[in-house]
Amino acid sequence: MAEQKKTVTFIIERQDSPTSAPYTQEFEIPYRPALNVVASLMEIQKNPVTKDGKKVAPVTWECNCLEKVCGACMMVINGKARQACCALIDELEQPIHLAPARTFPVIRDLLIDRSVMFESLKRVQAWVEVDGTWEVKDAPIQNPYTATTAYEISHCMTCGCCLEACPNVGPQSDFIGASPSVQAYLFNLHPLGKFDKEKRLNALMGKGGITGCGNSQNCVEVCPKNIKLTTYLAQLNRDVNKQALKNIFNK
Amino acid sequence: MINVSFYLRRLHSLCGLLLLGGVLIEHLLTNASAMGGPEVFNQGLEMMELIPAPIFLAIEICLYAVPILFHGIYGIVIALDAKNNTGSYGYSRNWKFALQRYTAWYMVAFLIWHVGYLRIYLKGIMGEHISYALVQSVLSNPAVFVLYALGMFAAIFHFCNGITTFCMTWGIAKGPRAQRVVDKMAMGLCALMCLLTLAFMFSYLA
């Protein structure tokens, strides 16, 4: 009896340039145990032939660490935003649909431009001033309980899942999304970073800031690092409201 | 920096929960008194008519018309910021997020009809006296009855889910457990208010 060869079928949404129209192509690759989406895309790259035998340009995507740390391979897999490197074929329903995260500008195929998030991080001043603005001396000690929270938030890899899943982030709105907002909280927790707390809260009060949150809470559902985004957004809401009262009454 | 959109959003939230929530509860209680029969309902309306007309009009404008117009018009701006995606992300909170917007759109149409016909046309222009008999005649049309029931359900859901999002937006319920409890309590209140609505609406038909 001839052995039935197991295969994996992909339906991939492709796009040749940032402005051209998207189209889909179907690919079939041989199955092997522990296969994930990135490894499958590598298989397609080796032999870029569609299911109906047409030779095409290999599918473009971005990946880097291959262990859910860098965030680069975020794409929409079977309708949900997630990391391709930890999307195991065994756990996915076939045919597997791959699409770029269209909340961001598409460069080509599954490759997107996530620089808008880095601009947002600049906007909320997601860093600690160590440029000699003030004396640091010995590094100040951080409350270990606060450090646990900071450690959790610092796992954020700016992958953009939370922005892709959020109904309020996209070309129709100016909301910066959960990830950059919550990074402001991370640096507000830092013993030196908290000196600039007011600046960050005022930045979050600006256009496209935290008021853009509509509490759909998709961010916390899709976050691959399980950061309690909605909890920190609620804390930031508290802080921003207090800051607003200060702005009104203390000046 | 003035941050206009921040203050508008917060005002939208306060106005919705406190003022329009009050309007909804006032409507529920007044109409619930119809279950006591026409006399009780009409007595309640007569009590309201004891308020001198200019003061009553001022209350209607300040506590009803202006908050509804502000909440409605700015609400449309907010609703247009969203691209509902319950198809891909069918989580309970995401559904409520989408429903908050769907009910809002229904309310826009419903309120134009409800206020336009009952308050502006019948009471304002025709000088009709609002009474048990009038409400009964309006609700005797089955299509109107269904559209009114839907209008009430939409307003009640929008208000109750608004309590949950208010608690998040103002940082009152922060952790997942607190938010879950508020959500469940608000949905419980929603069910109770919907049942009360059905009870008084059917009492008009009986």
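Predicted model: local features only at pLDDT ≥ 70, side-chain atom pairs only at ≥ 80, totals over all residues.
Which residues does Tyr74(B) touch, not counting residues up to four places away in sequence? Residues are numbered from 1 along each chain as its sequence is written, while chains are lettered from A in the order in which they are written.

**View 1. Tyr74(B) sits in helix α3 (residues 53–80) of chain B.** Helices here are DSSP runs of H or I with at least four residues, numbered from the N terminus. Tyr74(B) touches Leu8(B) and His12(B); contact means that C-beta atoms, placed from the backbone, lie within 7 Å. Tyr74(B) counts as partly exposed because it has 17 C-beta neighbours inside 10 Å, where 20 or more would be buried and 12 or fewer exposed.

**View 2. Here 30 residues of chain A meet 27 residues of chain B in contact.** Elements giving two or more residues to chain A's side are α6 (197–205), α7 (218–222) and α8 (229–249). Of these, α8(A) gives the most, with eight residues.

**View 3. The largest nonpolar core has 69 residues.** Such a core is a set of buried Ala, Val, Leu, Ile, Met, Phe, Trp, Tyr and Cys residues joined through C-beta atoms within 7 Å. Among those with the most contacts inside it are Met75(A) and Leu229(A). Leu229(A) touches several residues, including Cys162(A), Val182(A) and Cys219(A), not counting residues up to four places away in sequence.

**View 4. A second, separate core holds eleven residues.** Ala154(B), Ile156(B), Ala186(B) and Met193(B) are among them.

Definitions and conventions: Contact = placed C-beta atoms within 7 Å.
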